[in-house]
Amino acid sequence: MEEKVLLEVNQLKKYFPVKAGVFKKTVGYVKAVDEISFYIKEGETLGLVGESGCGKSTTGATILRLEEATSGEVKYQGKDVLGLNKKEMREMRKEMQIIFQDPYASLNPRMTVADIVGEPLDIHNLVDNKKERNERVRELLDSVGLTAEQMNRYPHEFSGGQRQRIGVARALAVSPKLIIADEPVSALDVSIQAQVINILQDLQREYGLTYLFIAHDLSVVKHISDRVAVMYLGKIVEMTDKEDLYNNPLHPYTQSLLSAIPIPDPTVNNERIILEGDVPSPVNPPSGCRFHPRCPKAMEVCSEAVPEFKEYDDGHFAACHLLD
Ligand code: SF4
């Protein structure tokens with residue numbers, strides 16, 4: 001059976017104006033997300049990876065309209081998300097939820113766990129009375145490995161990993177289909193990261209969830225993703241299924257990210273590709289291919305022409321002049 005596309009993003013653009021002077025005139029734009037396109041099929045996980053400042057979190061926020069897009073299209077089950085009015089968007093939020101990187105900052109410190117997890121149930125009128133609410137909160141906590149006894153405690157009484165579980169339980173309260181996980185494990189110890197990722201995978205199997213999993217390094221998304229998209233300075237530079245990306249990366253940027261992952265087998269020769277310089281500013285991104293000032297394989301054409309994001313193999317997309 002053909003898998004259905006749940007989310008489709010076409011030519012999505014988010015520019016933030018840069019203001020200066022007494023009159024706060026717009027003097028430029030931060031091109032945080034610059035015409036990116038991808039899709040996520042029902043029940044799959046798309047990893048979205050790139051260094052900090054590449055626009056991956058802005059992509060997530062723009063899909064959910066926590067930021068308004070500058071242009072482009074977001075379709076959820078074929079429905080135009082960017083064109084929804086406030087009331088329709090509120091309904092849509094039952095379908096799409098977000099989990100943030102820092103569970104401590106995203107959980108209200110003055111609310112008990114029962115209220116944090118129960119709040120979305122109240123907002124969307126999903127329970128009729130207190131008893132029903134408590135039961136549902138218990139179920140939700142149980143699904144992320146927390147106990148009913150912990151319901152009346154406050155966020156500061158929990159460890160980082162437990163707080164992220166509370167964030168996941170809250171996101172699940174409205175029974176969403178799509179979860180945008182914005183660096184959900186980056187702030188956690190490596191040993192705890194695996195636990196949270198395992199919970200997310202169990203929940204995906206149990207509830208048929210679809211994930212957009214945002215992370216800044218390829219080793220974190222390797223385990224959980226079905227497909228991976230690599231972002232650099234507002235653009236997706238490569239996208240394909242996981243095996244293909246890790247075994248046959250086409251883009252020099254992906255190749256350099258992969259070379260940074262330590263390989264436990266000492267017989268495998270994985271020469272590290274060190275990139276020169278920092279990520280340039282997205283206010284005035286480099287001409288042509290945005291990666292050209294740091295690319296070890298750059299050619300003359302790279303600073304002149306923008307490489308097209310094209311399909312080179314079945315479902316394997318990349319944007320690089322070397323491939324033409
Ligand atoms: Fe490197 Fe040129 Fe390819 Fe960009 S287009 S990744 S600069 S080779």
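Mentor: Begin at Phe16, whose bridge partner in strand S2 is Val30. This bridge belongs to the pairing of strand S1 (residues 5-20) with S2, in which 13 bridges join two strands that run antiparallel. Strands here are DSSP runs of E with at least two residues, helices are runs of H or I with at least four, and both are numbered from the N terminus; two strands count as paired if DSSP finds at least two bridges between them. Before you go further, keep in mind that the model is predicted, that local features need pLDDT of at least 70 and side-chain atom pairs pLDDT 80 or more, and that totals for chains, interfaces and linings use all residues. Residues are numbered from 1 along each chain as its sequence is written, and side-chain values use heavy atoms, with hydrogens and water left out.

As a general rule, the strands of a sheet pair through backbone hydrogen bonds, and they may do so in a parallel or an antiparallel way.

What is the relative accessible area of Gly72? Gly72 is found in strand S4 (residues 71-76), and it is partly exposed because its relative accessible area is 38%, given that buried means under 20%, exposed means over 50% and partly exposed covers what is in between, with a 1.4 Å probe and protein chains only. Gly72 also shows how folding brings separate stretches of the chain together: Gly72 and Lys13 are 59 residues apart in sequence, yet their C-alpha atoms are 5.9 Å apart in space.

Another strand, S8, lets you see parallel pairing. Strand S3 (residues 45-49) is joined to S8 by five bridges, and the two run parallel; if you look for one of these contacts in S8, you will find that Tyr211 is the bridge partner of Thr45. S7 is likewise joined to S8 by five bridges, again in a parallel arrangement, and here Leu212 in S8 is the bridge partner of Ile180.

How many residues of strand S8 are buried? Six of the six residues of S8 (residues 210-215) are buried, so this strand is largely enclosed by the rest of the structure. In a regular strand the side chains alternate between the two faces of the sheet. You can follow this in S8, where Thr210, Leu212 and Ile214 point one way, Tyr211, Phe213 and Ala215 point the other way, and all of them are buried.

A helix can be covered as well. Helix H1 (residues 56-63) is mostly covered, with seven of its eight residues buried, namely Lys56, Thr58, Thr59, Gly60, Ala61, Thr62 and Ile63. Just after H1 comes Arg65, which takes a positive phi of about 60 degrees.

Asn125, in the loop between helix H4 (113-123) and helix H5 (130-143), has a phi near 50 degrees, a positive value in a residue other than glycine. Glu183, in the loop between strand S7 (178-182) and helix H7 (190-207), is also a residue other than glycine with a positive phi, near 50 degrees.

Finally, turn to the ligand. The residues around it are His251, Pro252, Cys289, Phe291, His292, Cys295, Lys297, Ala298, Cys302, Cys320, His321 and Leu322, where a residue is listed if one of its heavy atoms lies within 4 Å of the molecule.
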